[in-house]
Amino acid sequence: MKVAWVIRPAAGGIKQHLNYLRRGLSSCCEIIVCGPQELEEWAEGCPFYPIEITDGIEPKQDLKAVWQLTKVLRAVKPELIHIHGLKSVMIAVPAAKLSGVKKTLFTAHNMLPQPQTRWYRATHGLVNRTLLRALDRIIAVSDTVGSELAEFVPYNRIVTIRNGVDYHRFEGYSRREALALMGLDSKHFIIGAVARLIAEKGIACLLKAAVLLRNVLPQMRIVIVGDGPMRHQLELYSQALQLEPYVKFLGFRSDVPALMAGWDLFVLPSLSEGLSVSVLEAMAAKLPVVVSDLPSTREVVEQGKGGYFFAPDNAPGLAAAVLKIVKDQSKIRRMGEHNYQSVIRSFGVDHMIQATKLQYQQLIEEGTVW
């Protein structure tokens, strides 16, 4: 099968999701990557075609990207286009029509963006409905995402394939080695977070919670892994809150499994999520988790068994949930083991790969069925 992937600027969980898919599908598919120039190194091993897809709406640039992608699709003649990111749908749908590619598949990694302006509120429903109805099939990474998409397209065009992780990647690391990597020692209680540093990930809420926790948990250290446009702003905010001894920003790291071996607890204070890969990775690393109470996180985490929820953007609630776990070391072990078994049972990467492969085969070999 020859499949063209069209990818918007990607980082964090989306990129990890694509890493898993690319490795798992390489034996049955020729994957052609079309996306921003910054993805060329990441796409090593696959034919890569630079397409200037940008975030936001830029009519002149977007039309240029449609034409660039149309020329690529006419040249490589894929049997299927697999689109990642809503902005990529805006580019790939017209390019597919112009180039004659018959089959289109879209993975919705996140909830749809919420209207922020009057103009957007008036038009976003029409735009989403027009674009999404043009697709042959949509993969939602959670039932929550699928339910939102059903507002715009018939539900029988939507299939849920939950994100998965390779839990074997998290085996064999020691706490001692992890502490050395972070410059910390065994007396510390380490809270870890992995997130792209954007407003939607709620890291400012974690910093506010750290202010509340430092007096009752002076051995606390918070390790934040990830990069993004808000990194400098968040570092300045942490300094203004006088959190320098307690918070470390490590930036992008490729050794997350090794780092997680030294953590006691994982926190993700997101304001919105499709289905977080970083939460699944923390569960695979046998960590208890404290996460925002969102419909998608309730599909993954069991309250009281694998961790605790708190209301989004509620720093006191986050701090209280952390303290519930800190007080009981046996609870840390029990919750971590519960999460690990949950990942093995329901969120292994092999299921995600095989289910995606099946969608490819159905679209290419059988055609659409609705």
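**Helices 7 and 8**

Select helix 7 and helix 8 to begin: helix 7 passes helix 8 in a right-handed crossing, a crossing being right-handed if the near helix is turned clockwise from the far one by less than a right angle, and left-handed if anticlockwise. Helices (H or I, at least four residues) and strands (E, at least two) are DSSP runs, numbered from the N terminus. This is a predicted model, in which local features need pLDDT of at least 70 and side-chain atom pairs count only at pLDDT 80 or more, while totals for chains, interfaces and linings use all residues. Residues are numbered from 1 along each chain as its sequence is written, and side-chain values use heavy atoms, with hydrogens and water left out.

Helix 7 covers residues 203–213 and helix 8 covers residues 231–240; they pack at an angle of about 15°, and their axes are 10 Å apart. Axes are lines fitted to C-alpha atoms, for helices over the stretch in contact, and angles run from 0 to 180 degrees between N-to-C directions. The two helices are therefore roughly parallel to each other; angles under 35 degrees count as roughly parallel, over 145 as roughly antiparallel, 65 to 115 as roughly perpendicular and the rest as oblique.

Next, display the side chains of this contact. From helix 7, Ile-203, Ala-204, Leu-207 and Lys-208 meet Leu-234, Tyr-237 and Ser-238 of helix 8, where contact means heavy atoms within 4.5 Å. The residues of this contact of helix 7 with helix 8 comprise five nonpolar, one polar and one charged. In this division, Ala, Val, Leu, Ile, Met, Phe, Trp, Tyr, Cys and Pro count as nonpolar, Asp, Glu, Lys and Arg as charged, and the others, Gly among them, as polar.

Select Ile-198, which is located in the loop between strand 8 (189–194) and helix 7. Not counting residues up to four places away in sequence, Ile-198 touches Pro-229 and Met-230. A distance may also be drawn from Ile-198 to Gly-56: their C-alpha atoms are separated by 15 Å, and the two residues are 142 apart along the chain.

**Phe-189 in strand 8**

Move to Phe-189, a residue of strand 8. Phe-189 counts as buried because its relative accessibility is 5%; buried means under 20% relative accessible area, exposed over 50%, and partly exposed in between (1.4 Å probe, protein chains only). Leaving aside neighbours within four places in sequence, the contacts of Phe-189 include Leu-217, Met-220, Asp-264, Val-326 and Ile-332.

Continue to Asp-313, in the loop between strand 13 and helix 12 (315–326). Asp-313 has a phi near 60°, a positive value in a residue other than glycine, and counts as exposed at 51% relative accessibility.

**Strand 6 and its partners**

Strand 5 (residues 104–108) pairs with strand 6 in the parallel sense over four bridges, and Thr-107 stands opposite Ile-139. Strand 7 (residues 158–160) also pairs with strand 6 in the parallel sense, over three bridges; here Ile-158 is the bridge partner of Ile-138.

**Helices 2 and 3**

Finally, select helix 2 (residues 59–76) and helix 3 (residues 86–99), whose axes come within 8 Å and cross at roughly 50°. Helix 2 is therefore oblique to helix 3. Among the residues making the contact are Ala-65, Leu-69 and Leu-73 of helix 2 and Met-90, Ile-91 and Leu-98 of helix 3. The contact of helix 2 with helix 3 divides into 11 nonpolar, two polar and three charged residues.

The last stop is Lys-77, in the loop between helix 2 and strand 4 (80–84). Lys-77 is exposed, with a relative accessible area of 61%, and its phi is near 50°, a positive value in a residue other than glycine.

Key:
Two strands pair if DSSP finds at least two bridges between them.
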